[in-house]
Each structure stands twice: as structure tokens, then as C-alpha cells.
Amino acid sequence: MEKKLSELKSHPENHRIYGNALPDAKFIADIKKDGFINPIKINQDNIIIGGHRRFEAAKYLKLETIPVIIIRTMMILI
């Protein structure tokens, strides 16, 4: 499945854990040349739960859509 980049949101914890750095130039060049080998994982609310570097590379490359897999998440209350 494809989603527009404008529909996707970074998970708020991602920036806290990894910061706001862009992926390195080689990674961006690989995405440009080969595309996405693995889709970005998102939840049902279009929040990225896996693939933030690929998302940032896609934004840098000004791609309109990217492949995604929707992962159903559940909150577990203890």
C-alpha cells in the first residue's frame, strides 16, 4: 500500500530518542537509486512506528508517496 508523505506523522518518541538528524548521504542515495526495499511501518493513525530514517530520506527526495504497512497496535493496561 502507498501513502502520501503528507499523511504520515513521526512518532513523538522518535525525536527524543534519535534526535532530528537527517540520514546520511549514502542512505539517501540508496533510496533514490533502489527505492524502498522495506515499507515503512505505521499504525492505524498514520503514525510511523518503524522507518523514520526512510521517511526523512523520502522527504529530502521530495517523494509524494511511499510504501507502508499498517500495523495494528493495542494498548495493554496492567
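Contact is defined here as heavy atoms within 4.5 Å. The structure is a predicted model, in which local features need pLDDT of at least 70 and side-chain atom pairs count only at pLDDT 80 or more, whereas totals for chains, interfaces and linings use all residues. Residues are numbered from 1 along each chain as its sequence is written, and side-chain values use heavy atoms, with hydrogens and water left out.

The protein comprises three helices and five strands, where helices (H or I, at least four residues) and strands (E, at least two) are DSSP runs numbered from the N terminus. From that terminus on, the order of elements is β-β-α-α-β-β-α-β. The C-alpha trace spans about 45 × 30 × 20 Å along its principal axes. Of the 78 residues, 32% count as buried; the term denotes under 20% relative accessible area, while exposed denotes over 50% and partly exposed the range in between (1.4 Å probe, protein chains only). Among contacts between residues at least 6 apart in sequence, 80% join residues at least 24 apart.

The largest nonpolar core has 14 residues, and those with the most contacts inside it are Leu 8, Ile 40, Phe 55 and Ile 66. Such a core is a set of buried Ala, Val, Leu, Ile, Met, Phe, Trp, Tyr and Cys residues joined through side-chain atoms within 4.5 Å. At least two residues of this core are supplied by each of helix H2 (25-34), S3, H3 and S5. When residues up to four places away in sequence are not counted, Phe 55 touches Leu 5, Leu 8, Ser 10, Ile 40, Ile 48 and Ile 66. Phe 55 is also one of the buried residues of H3, together with His 52, Arg 54, Glu 56, Ala 57 and Ala 58. The packing partners of these buried H3 residues are S2, helix H1 (12-18), H2, S3, S4 and S5.

Two packed helices are described by the angle between their axes and the distance between the axes. H2 and H3 pack at an angle of about 75 degrees, and their axes are 10 Å apart. H2 is therefore roughly perpendicular to H3. On the H2 side the contact involves Phe 27, Ile 28 and Ile 31, which meet Arg 53, Arg 54, Ala 57 and Tyr 60 of H3. By class, the residues of the contact are five nonpolar, no polar and two charged, with Ala, Val, Leu, Ile, Met, Phe, Trp, Tyr, Cys and Pro taken as nonpolar, Asp, Glu, Lys and Arg as charged, and the others, Gly among them, as polar.

Within H2, the buried residues are Phe 27, Ile 28 and Ile 31. Seen down the axis of H2, these residues fall within an arc of 100 degrees, so they line one face of the helix; the arc is that of the directions from the helix axis to the C-beta atoms. The buried residues of H2 pack against H3, whereas Ala 25, Lys 26, Lys 32 and Lys 33 are exposed on the other side of H2.

Strand S5 contains Ile 69, which counts as partly exposed at 37% relative accessibility. Leaving aside neighbours within four places in sequence, Ile 69 is in contact with Pro 39, Ile 40, Lys 41 and Ile 42. The C-alpha atoms of Ile 69 and Lys 41 are separated by 4.9 Å, although these residues lie 28 residues apart along the chain. For Ser 6 and Tyr 18, twelve residues apart along the chain, the corresponding C-alpha separation is 21 Å. Ser 6 is placed in the loop between strand S1 (2-4) and strand S2 (9-10) and counts as exposed at 68% relative accessibility.

Most residues other than glycine have a negative phi. Asn 46, which is not a glycine, has a positive phi of about 65 degrees. Asn 46 occurs in the loop between strand S3 (40-42) and strand S4 (47-50) and is buried, with a relative accessible area of 15%. Lys 62, also a residue other than glycine, has a positive phi near 60 degrees. Lys 62 lies in the loop between helix H3 (52-60) and strand S5 (65-70), and at 70% relative accessibility Lys 62 counts as exposed.

Key: Axes fitted to C-alpha atoms, helices over the stretch in contact; angles between N-to-C directions. Parallel < 35°, antiparallel > 145°, perpendicular 65-115°, else oblique.
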